[in-house]
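I opened my notebook and looked up a few things in this structure. My notes follow.

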Amino acid sequence: MKKETLEESLKEKEFFDDVNRDYYAEFQQEEGIPVYTGYHFNDIKAVRVKPWARMGGLGAYINLYGEELSGDNYVCEIPPGQILKPQRHMFEELVYVVSGRGATNFWTRQGGPKGIFEWQEQSLFAIPANIGYQHFNGDDTRPARLFSKTTLPALFQYFKNKEFIFDNDYVFEDLERDSYSGDAKIYKADAAHDHKISWVANFIPDVKAFDQMTSYVWRGGGGRSVDFYQPGLVRIHSHMSEFPVGRYKKGHAHPPGRSIILITGKGYSLLWQPGHEKEKKKVDWVPGSLFGVGLTNLQGECWYHQHFNTGAEPARYLVLHVNAITLRDKHVQVEYVDEEPEIRELFESELAKSGVKSNMPSECYTDPNFKWKK
Ligand SMILES: [Fe+2]
């Protein structure tokens, strides 16, 4: 076999360097704003942001462990009374309004008619793929802060091309029918679906004030839940859950790509890798906390997680999902009768610190057929 010259060897290195490039990570660096990576952030209201030339306001990226190939998150702040630059891109977004109030213009084709909708703190709205839009801060005295989940990393993995993503004329005709009125279609509020409804709308005015959640018995703890679907989005959707004072939900695992944001309450969650039950990570949360559910490897070692309410009011959280393409959205869970006793012990000791009594029925630990009230 011919001996490789130095020049040939360098070309080969260049080739494989190129094959292995992480175009999305390079793009994040080019954006010139902070890039934070982790599985837990205490308060998205306090995440430090810096001027963001592409958007026109200030921003920071938040990468949650385990979702690097599918979705990402960013925080964007609009200074008081300011307008951000118009945007159009092939990835889709789901936006949660952390603070402030404002409005967004949108259009499906350049030069075509524009729509507008107004948002406020706790609104949730969709930005469909390749729709044009422009955000305004409607308050001259306070900044507005948006938290957004996107499918941008997946697009970089597939196309590796910024022009395709940010300068693409393709119009998704079916999006022209979508609106931001706040009207919703409601599905599946029945026993066959565990009473959990699906609320289908591109715009939800206030998730904190949303009062249409229904029983979700399967996950335990006497909780209520709702699935939010946005007709303008393909890969992203969301859900919201609330569970009562003195209660906790069942431990479970499913694919990552979820950003869990606390809306009300005080408590903690435990996160652990399968096979590492003795090395649980404890994540304390209050309104504004963010955390993800990780993935140990691409063979599907999804982290378990379990949520505990130790505060004096119901705990409510919103979860923004990018649905995994390569992993089925399969859930496994640990029933109360099977869980390690230390989980209950920790909960009771944490409750004692808050001066709140456990409201977990003792039968749920002994009766595998225990029925939570609806
Ligand atoms: Fe979960």
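In what order do the five strands of the open sheet stand? I read the order as β22-β21-β24-β19-β26, with antiparallel pairing. This is a predicted model, where local features need pLDDT of at least 70, side-chain atom pairs count only at pLDDT 80 or more, and totals for chains, interfaces and linings use all residues. Residues are numbered from 1 along each chain as its sequence is written.

I noted the terms. Strands (E, at least two residues) and helices (H or I, at least four) are DSSP runs, numbered from the N terminus. Two strands pair if DSSP finds at least two bridges between them.

I then checked β21 (residues 267–272), which five bridges join to β22. Ser-269 faces Val-283 of β22.

I moved on to α3. Its buried residues are Leu-152, Pro-153, Ala-154, Leu-155 and Phe-156. Buried means 20 or more other C-beta atoms within 10 Å of the residue's own, exposed means 12 or fewer, and partly exposed lies in between; C-beta atoms are placed from the backbone.

Last, I looked at phi. Most residues other than glycine have a negative phi. I found Lys-160 in the loop between α3 (152–159) and α4 (162–166). Lys-160 is partly exposed, with 16 other C-beta atoms within 10 Å.

Gln-122 also has a positive phi, near 80°. Gln-122 sits in the loop between β9 (115–120) and β10 (124–127).
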